[in-house]
Amino acid sequence: MAKALATGSRPNSTTGAAPAAAVLSWTQSLLLAAFGAALLALAFPPVSLSILAWIALAPLCLVCMRAASGGQAFWSGYVAGAIFFGADCPWVAYTVRRYGGLSRPEAVLVFILFLALVGVFFALFTWIGYGLCRWAPLPWLTLPALWTAIEFLRTYVPLGGFPWDLVGYSQANHAGFMLSVTVAGVYGAGFLIALENAVLADAASHFSGWFSQAPRRGARTAWAWPVAPAITWFLVVGFASFPFDPPRLQPTTLRAVLVQPDANANAVWSDAAFARYLRRMAKLSQPGPRLRDDAPALVLWPESPAPLEYAPEPQLQASVAGLTRSNNLELLFGETALLHPSAPPGQQDPINAARLIQPDGLPGPRYAKRHLVPFGEYVPLPAWLRRWTGVRAMVSQVGDFVPGHQRTLFHLPAAAGKNSGNVRPYTFGALICYESIFPALARQEVHAGAQWLVNLSDDGWYGNSAARPQGLLMARVRAMENRRWLLRDTNNGITAIIDPFGRVRARLPMGGVAALRGHFAARSGQTFYTEHGDWLPWLCTIFVGLMALAGGLRHRFRRV
């Protein structure tokens with residue numbers, strides 16, 4: 001095996017000397033990267049072998065430490081990214097084919113382009129990591145910071161970001177380790193996982209038989225080197241193994257009804273069909289018995305293909321007003337509305353929204369979805385390029401949606417009856433569909449005063465793929481980060497009630513018409529993450545930037 005290694009030089013991270021060091025061949029580098037990506041994909045649903053995340057990044061870190069060139073590191077990372085997202089997100093091809101009006105070859109081409117786009121993030125990690133490892137004194141500490149900075153970048157670019165299945169999500173079932181997300185969000189969990197992997201990679205790089213030509217570290221003996229990273233490794237693994245049993249929660253005195261209508265995206269909505277749909281929804285929305293004779297029940301209707309728009313639909317207005325008044329409940333439902341209904345076609349500005357109907361039957365606030373799905377709810381291309389490519393939004397019946405620009409807090413009366421005006425109402429926030437994968441949106445709602453969160457979604461776009469359990473996984477982490485109950489209502493699964501520690505207290509099976517009745521609680525107080533936001537990824541980004549700048553200056557002065 002040693003004969004297969006190319007020989008290069010790597011500056012000694014302690015002395016600055018450049019003794020001969022073992023480097024990876026192209027074959028070894030590509031195989032390592034591919035192996036790590038495959039392990040990482042297996043850590044997420046549907047397989048969910050979460051323990052694999054603790055070794056999956058080590059091969060990528062080894063590529064950073066021992067690649068023969070920056071180009072080798074870059075392309076190895078690119079292959080890893082394509083493999084990971086190809087295995088983790090095959091539902092992209094299904095979605096664009098079924099709802100985007102594409103043929104099978106066209107859908108495959110779009111999927112390849114998608115992999116080419118998102119694979120860049122893994123390539124950036126290995127390429128920048130290679131450069132930093134040429135001279136950085138502590139690669140096992142620098143690489144986790146770089147990984148966290150890259151995941152943070154992926155949250156916001158391109159096209160608004162795609163933070164799907166960040167590595168920290170893989171540990172959602174481990175309550176002790178996930179205490180980290182209350183401090184630094186899902187990025188904090190990811191940083192610790194990357195740190196443990198980087199220590200393993202550094203140890204393998206220096207002490208495994210495969211890398212037997214690795215340089216000695218100055219005058220120190222081999223056993224003296226690993227003290228700091230070894231202590232770090234045991235601390236991280238010890239924390240990850242912490243046997244934490246979440247405490248008992250306060251009484252769950254509030255009632256919720258989460259309606260799962262299983263509306264067909266291809267249905268033809270005649271007046272009769274719409275009337276039947278409303279009658280069925282009203283029947284499913286009947287609340288269960290009260291725990292206490294005070295607060296109205298909260299009923300949720302999800303984002304769905306049904307043509308719900310409150311303002312121009314007297315039939316809908318009468319139905320929801322009768323439902324809320326006769327049952328003393330509050331209704332939040334997903335609707336497709338027009339900001340400017342009287343404007344000419346193409347200028348009406350459709351929005352994907354959540355509309356509140358109060359217990360007295362009158363409309364309350366409306367929240368417009370702020371983070372739209374590119375190529376699903378809008379096409380991020382100029383008009384001439386759309387015509388040339390034939391690309392259109394999958395939700396084509398209304399044209400491009402426009403995003404909302406502000407959060408909206410909803411209120412649930414804390415008591416019913418004539419004295420209810422003297423009692424301060426409860427406050428909650430809403431996330432629509434894809435918004436639940438963005439940590440900052442949920443955090444902002446809770447920071448503004450939300451006592452629980454609601455997620456209205458139509459996951460039917462994904463078919464019976466792993467995207468549904470993956471979406472539930474990420475919603476669970478939103479609840480953990482902010483220590484809030486999260487009510488996740490979907491069109492056809494997975495509908496669930498999630499407690500502040502990410503535990504699924506009740507859920508409905510995927511598919512089928514049903515209603516989930518359960519109880520939850522309003523909570524106050526804020527976690528460190530809710531209060532301070534994404535401090536860790538910003539810190540990692542600044543640190544990596546300074547390290548890269550220092551490396552560039554060092555290289556320039558050495559040339560002079």
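Predicted model: local features only at pLDDT ≥ 70, side-chain atom pairs only at ≥ 80, totals over all residues.
1. Residues are numbered from 1 along each chain as its sequence is written, and side-chain values use heavy atoms, with hydrogens and water left out.

2. The protein has 16 helices and 14 strands, taken as DSSP runs (helices H or I, at least four residues; strands E, at least two) and numbered from the N terminus. Of its 560 residues, 55% are buried, meaning under 20% relative accessible area with a 1.4 Å probe, protein chains only.

3. Helix H6 (residues 104–133) and helix H7 (residues 139–156) have axes that come within 10 Å and cross at roughly 150°, the axes being lines fitted to C-alpha atoms over the stretch in contact, with angles from 0 to 180 degrees between N-to-C directions. H6 and H7 are therefore roughly antiparallel to each other, a term for angles over 145 degrees.

4. The contact (heavy atoms within 4.5 Å) involves residues including Phe 121, Phe 125 and Ile 128 of H6 and Leu 143, Trp 147 and Ile 150 of H7.

5. Ser 436 lies in the loop between strand E9 (426–432) and helix H13 (439–447), and it counts as buried because its relative accessibility is 3%. Apart from neighbours within four places in sequence, Ser 436 is in contact with Leu 431, Asn 455, Met 474 and Arg 478.

Note on methods: Parallel < 35°, antiparallel > 145°, perpendicular 65-115°, else oblique. Buried < 20%, exposed > 50% of the residue type's maximum accessible area, 1.4 Å probe, protein only.
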